[in-house]
Amino acid sequence: MSEQIEIFTDGACKGNPGVGGWGALLVFKGVEKELWGGERDTTNNRMELTAAIKGLEELKRPCDVLLVTDSEYVMKGMQEWLVNWKKRGWKTAAKQPVKNADLWQALDEQVNRHTVTWKWVRGHTGHHGNERADQLANRGVDEVRGIKHV
């Protein structure tokens with residue numbers, strides 16, 4: 001594997017469910033790429049997952065990735081829950097369907113293309129990459145609402 005790519009991801013939702021946005025900041029050798037988007041009717045958790053999926057999808061070949069998120073939901077899902085969900089056919093321990101299984105499956109597929117190290121950071125504490133991802137996620141919300149950024 002080559003040098004590590006950093007991906008900072010975040011999701012935002014105005015109302016939960018409501019208008020949502022996702023953002024991902026990719027950093028490689030000091031070069032940054034910004035990604036963002038949004039949906040009219042979604043949840044914060046769906047936007048957090050989408051940000052990670054879109055960031056990893058952007059990589060055209062297998063990479064060594066440090067993926068930084070402020071979402072405990074995404075971290076715990078990937079590091080603790082996913083293996084058992086898969087064993088149980090995408091059911092929870094309570095035998096209920098896993099929420100957002102479509103996105104968990106898409107994220108699992110992307111993660112399997114790469115070597116991913118997960119890092120959790122507390123949101124809104126001035127962490128540069130996380131703050132940038134948050135701004136991108138909010139940009140995604142604004143664009144769904146018809147507000148353009150210059």
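## How helix 2 meets helix 3

Helix 2 and helix 3 pack at an angle of about 95°, with their axes 11 Å apart. Helices here are DSSP runs of H or I with at least four residues, strands are E runs of at least two, and both are numbered from the N terminus. Axes are lines fitted to C-alpha atoms, for helices over the stretch in contact, and angles run from 0 to 180 degrees between N-to-C directions. That angle makes helix 2 roughly perpendicular to helix 3 (the label covers 65 to 115 degrees, while under 35 is roughly parallel, over 145 roughly antiparallel and the rest oblique).

Who does the touching? Helix 2 brings Tyr73, Val74, Gly77, Met78, Leu82, Trp85 and Lys86, and helix 3 answers with Trp104, Leu107, Asp108 and Val111. Contact means heavy atoms within 4.5 Å. By class, that gives eight nonpolar, one polar and two charged residues (Ala, Val, Leu, Ile, Met, Phe, Trp, Tyr, Cys and Pro count as nonpolar, Asp, Glu, Lys and Arg as charged, and the others, Gly among them, as polar).

## About the model

This is a predicted model, where local features need pLDDT of at least 70 and side-chain atom pairs count only at 80 or more, while totals for chains, interfaces and linings use all residues. Residues are numbered from 1 along each chain as its sequence is written, and side-chain values use heavy atoms, with hydrogens and water left out.

## Helix 1 joins in

Now look at helix 1 (residues 44-57) and helix 3 (residues 101-111): their axes come within 9 Å and cross at roughly 25°. That makes helix 1 roughly parallel to helix 3.

On the helix 1 side, the contact uses Arg46, Leu49, Thr50, Ala52, Ile53, Leu56 and Glu57. Helix 3 supplies Asp102, Leu103, Trp104, Ala106, Leu107, Gln110 and Val111. Sorted by class, there are nine nonpolar, two polar and three charged residues.

Which peptide bond is cis? The one from Asn16 to Pro17, with omega near 15°. Pro17 sits in the loop between strand 1 (5-14) and strand 2.

Then there's Lys95, in the loop between helix 2 (72-87) and helix 3. Phi of Lys95 is near 65°, a positive value in a residue other than glycine.
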